[in-house]
Amino acid sequence: MSEQTAVRVEDWNRLQREVARLRTLVIIALLAVIALAAVSLLRKPDTPTRPDPILRAQGLVITDAQGHDRILIGAPVPASKDRMRKDDASDGIIFLGTTGADRLALGQMPAPFIGGKSYKRIGDGDNYGLTLYDPKGNERGGMGYMGMGRAVFGLDRATPPYDAIGMMVDDKEGFAGMIINYGDPKAKDTGIELGTDTNSAHIKLNGKDGLPRAQLSLDGTNKPAWRFDDAESVAKAAQDQKH
């Protein structure tokens, strides 16, 4: 019994020494970790590390409180079951009304949409700007830069002939001007036209028959010229030109 008791005491003492040694190693490891952390906090980095502020996505849909799609953002804009118009996939931002009709487009200009139908726009595919729509989704105006070299601003009527007021700067022709159209779809030409080019300026009023009634022009010599015509004289002049 005494030998067994002596062996057990010896083993117990050895175990205590091992535990003490492990305790010492753990304390040293903890002190090392604390020291490294302190050095890391105190050290001023050469280049500060910041989170990436850029969010990358192909599309984003914003919904209202009822879960209906109201803002479509993308390149192209995401398809939406709530959007009334299904033929457009332009790059930009589309704001939808409560009925799903387009109300505002910003970015690549969609093709004109009137009465449920799409129509070709001059310079399609490379026109960027802002487009306005009425509650039914019909285009009613906008401004932008056309791919064929024109900066434009226009407002439309709700009924034919639709185009009401237009302003334009043409890079190729050097023309800058404004037109105001009649509301009568039978009118053959614009009602009022004013503009300038490189050397001249003019203001012209046309009848609904498309013939000029009054015109003021200024050429490169700075000499103004007025011209007034009533309907009969205009018609007679047009008849004389045919003969």
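Which residues line the largest cavity? The lining consists of M84, R85, A101, D102, F113, Y133 and G137. This is a predicted model, in which local features need pLDDT of at least 70, side-chain atom pairs count only at pLDDT 80 or more, and totals for chains, interfaces and linings use all residues. Residues are numbered from 1 along each chain as its sequence is written, and side-chain values use heavy atoms, with hydrogens and water left out.

**Cavity**

- One cavity of 30 Å³ or more is found in a search of the whole structure; a cavity is a set of points on a 1 Å grid over the protein atoms alone where a 1.4 Å probe fits but cannot get out, and lining residues have an atom within 4 Å of a point.
- The largest cavity holds about 40 Å³ of space.
- Its lining residues divide into four nonpolar, one polar and two charged, with Gly counted among the polar residues.

**Surface patch**

- M143, F153, L155 and M167 make a nonpolar surface patch of about 350 Å²; patch residues have over 30% relative accessible area and no salt bridge, and nonpolar side chains are joined within 5 Å.
- M143 belongs to strand β8, residues 139–146 (strands are DSSP runs of E, at least two residues, numbered from the N terminus).
- M143 is partly exposed, at 47% relative accessible area (buried is under 20%, exposed over 50%, partly exposed in between, with a 1.4 Å probe and protein chains only).

**Strand β4**

- L104 lies in strand β4, residues 102–108, and is partly exposed, with a relative accessible area of 24%.
- C-alpha to C-alpha, L104 and D134 are 9.0 Å apart in space and 30 residues apart in sequence.

Definitions and conventions:
Patch = residues over 30% accessible without salt bridge, like charges linked within 9 Å, V, L, I, M, F, W, Y side chains within 5 Å. Areas by Shrake-Rupley, 256 points an atom, 1.4 Å probe, with all protein chains shown as cover. Salt bridge = Lys/Arg side-chain N within 4 Å of Asp/Glu carboxyl O. Helix = DSSP H or I, 4+ residues; strand = E, 2+ residues; numbered from the N terminus. 1 Å grid on protein atoms, 1.4 Å probe; cavity = no way out; pocket = protein on both sides within 12 Å on 5 of 7 lines; lining within 4 Å. Points joined across faces, edges and corners; volume = space filled by probe spheres on them.
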